[in-house]
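Dear colleague,

Here is the structure I promised to pass on to you, followed by some notes on what was found in it.

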Amino acid sequence: MKKRTFAVDIDGTITENGGGRIHLDALDALRRLTNMGHTVIFVTGRSSVEGYLLSVFGGTTKIAVGENGGCITLDSNDHILLGNIEECKTALNVMKNSIDNVKEKLVFPRMTEVVLERTFDLDLARKLLSENNIDVELSDSQYAFHINSSGVDKGTGFSKIMEKFSILRDDVIAIGDSATDVPLFRLAKTSVALGNASEIVKSEATMTVSANAGDGVLEALDKLAPRLSEI
Ligand SMILES: O=C(O)COP(=O)(O)O
Ligand SMILES: [Mg+2]
């Protein structure tokens, strides 16, 4: 059997968006894939430590890409930082001075990014930052807004893992629900957008399923499993 690499988003994919409670059957399915010899890597807007701990407790491959691609965690003391939090803080200050309701979200500590509540107009903020010549990435995971350094996203973060572990595009299956997953979809031969994804996100995936979040992951794996050797 050909070994595949599953790049799996967390919020809105294997958890209820907002609540954060894991869909146990979806996690169990990912653990079984890992036990079969496939690689299952969480690629998330959460901190990479959260993603890493989920892999430890959940029984999947112990590698995580967190901070929306800004930080890779390979072990408790082995983090690869791909973004610069100071640039993100500068952008935050400019936004706070000009736009109402720009608020940091209470999240676990970040090493490379700033995370915000989804309480303002992202396009307005993008316009403001470009007028001020501040070059950062602003994105919406449906769970939070993120400020990342320019060029940092889940795709660039995961591509570092692909290089490091010699993972080929043909063997990657990406699963996600939001705009932040689209750069990841583009790295994968097979990409799955869940039922709760927007139409734009769905149009970027090679495959869609009807069920939401964890149920959608199970639906996708059911569709893919008989063909894992062909895709
Ligand atoms: O934005 C977040 O913090 C989490 O979102 P994700 O796991 O869906 O990327
Ligand atoms: Mg998500």
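In the pairing of α1 with α8, the residues D25, A26 and A29 of α1 meet G214, V217, L218 and L221 of α8, where contact requires that the C-beta atoms, placed from the backbone, lie within 7 Å. These contact residues divide into five nonpolar, one polar and one charged (Ala, Val, Leu, Ile, Met, Phe, Trp, Tyr, Cys and Pro count as nonpolar, Asp, Glu, Lys and Arg as charged, and the others, Gly among them, as polar).

Please bear in mind that this is a predicted model, in which local features need pLDDT of at least 70 and side-chain atom pairs count only at pLDDT 80 or more, while totals for chains, interfaces and linings use all residues. Residues are numbered from 1 along each chain as its sequence is written, with chains lettered from A and ligands numbered from 1 in the order in which they are written.

The axes of α1 (residues 24-35) and α8 (residues 213-224) come within 8 Å and cross at roughly 35°, the axes being lines fitted to C-alpha atoms, for helices over the stretch in contact, with angles from 0 to 180 degrees between N-to-C directions.

The chain has eight helices and eleven strands, which are DSSP runs numbered from the N terminus (helices H or I, at least four residues; strands E, at least two).

Around ligand 1 lie residues including D9, D11, R46 and Y143, each with its C-beta atom, placed from the backbone, within 6 Å of the ligand. By class, this shell has three nonpolar, six polar and three charged residues.

The C-alpha atoms fill a box of roughly 55 × 40 × 30 Å along the principal axes.

Best wishes

Conventions:
Two residues are in contact if their C-beta atoms, placed from the backbone, lie within 7 Å.
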